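Here is a friendly tour of one model, with its cut-offs spelled out along the way. Please have your viewer open as you read.

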Amino acid sequence: MNKSGRARHMAGFILSCCLLIVIACALLAQYNRHPSGSEPLAGHNAGAGSGSGLSPDKPYKIMIDPGHGGKDPGSEGSDGAWEKDINLALAQKLYDLLKQDPAFEPRLTRADDTFVELADRAAMANDWHADVLVSIHGNAFEDKSVAGTETYYRYANGHPLATIIHNQLLGALDFQDRGVKEESLKVLSLSAMPAILIEPGYVTNPAEEAVMQSDDGQSRAAQAIADGLKQYFAER
Ligand SMILES: [Zn+2]
């Protein structure tokens with residue numbers, strides 16, 4: 001056998017060995033899956049659980065930003081409630097929902113009634129490398145009859161998330177659709193990831209304020225945002 005013939009022979013031998021190893025591994029894997037030779041129990045469906053069905057390599061990092069806080073109360077509701085408290089209550093419900101789902105890792109820019117600068121809220125999301133930022137507010141206007149759901153984004157990368165969550169909120173709250181709008185809001189402008197700001201309703205509108213203050217209304221809004229996040233990442 002000449003030199004190249006030997007090399008060819010050697011290569012063939014190595015290839016055969018590799019093939020044998022692959023076949024052995026496959027047989028072993030099959031055996032491990034059904035050690036007793038039996039079929040898996042009915043109903044034992046891989047991936048089925050209480051979570052979203054999403055299975056990212058790492059959980060999606062969701063920065064939840066309850067608007068205002070501390071010395072900055074936000075808008076005053078028609079019933080005298082402050083926007084900062086309504087925002088925080090909804091944010092905490094959303095946090096609790098996402099915390100139950102292994103696909104998500106939520107974090108709050110504030111977890112109590114403290115003042116946080118807008119730039120610091122964006123910096124928290126940027127430093128943490130959040131996948132998205134959701135800022136939670138409530139709308140206000142001097143005319144109490146003005147009502148409805150509005151959602152803002154700043155850059156094009158935030159538009160899909162804004163649209164999905166906006167539609168989920170409309171479905172959950174059944175408020176008037178005031179649209180998804182591009183707006184140069186500081187917390188959105190300074191955030192490096194897809195970032196949106198939601199205004200589920202008007203705190204100055206008595207009917208909407210009542211819903212936004214209620215446990216049921218907040219739960220529905222929180223579930224809508226969580227569902228929107230699941231839909232958003234499932235479609236990525
Ligand atoms: Zn606000």
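Donors are N, O and S atoms within 2.8 Å of the metal (3.2 Å for Na, K and Ca), and sites may look incomplete because water is not among the atoms. This is a predicted model, in which local features need pLDDT of at least 70, side-chain atom pairs count only at pLDDT 80 or more, and totals for chains, interfaces and linings use all residues. Residues are numbered from 1 along each chain as its sequence is written, and side-chain values use heavy atoms, leaving out hydrogens and water.

Let's start with the metal. H68 (NE2), E83 (OE) and H137 (ND1) coordinate the zinc ion at 2.1 to 2.2 Å. Along the sequence these donor residues follow the spacing H-x14-E-x53-H. E83 lies in helix α2 (residues 83-99) and H137 in the loop between β3 (132-136) and β4, so the pair, 54 residues apart, links distant parts of the chain. Helices (H or I, at least four residues) and strands (E, at least two) are DSSP runs, numbered from the N terminus.

Some residues can be compared by burial, where buried means under 20% relative accessible area, exposed over 50%, and partly exposed in between (1.4 Å probe, protein chains only).

| Residue | Relative accessible area | Class |
|---|---|---|
| E83 | 2% | buried |
| T109 | 6% | buried |
| H137 | 13% | buried |

T109 sits in the loop between β2 (104-108) and α3 (118-128). Leaving aside residues up to four places away in sequence, T109 touches M63, I64, D65, P66, V116, R121 and M124, where contact means heavy atoms within 4.5 Å.
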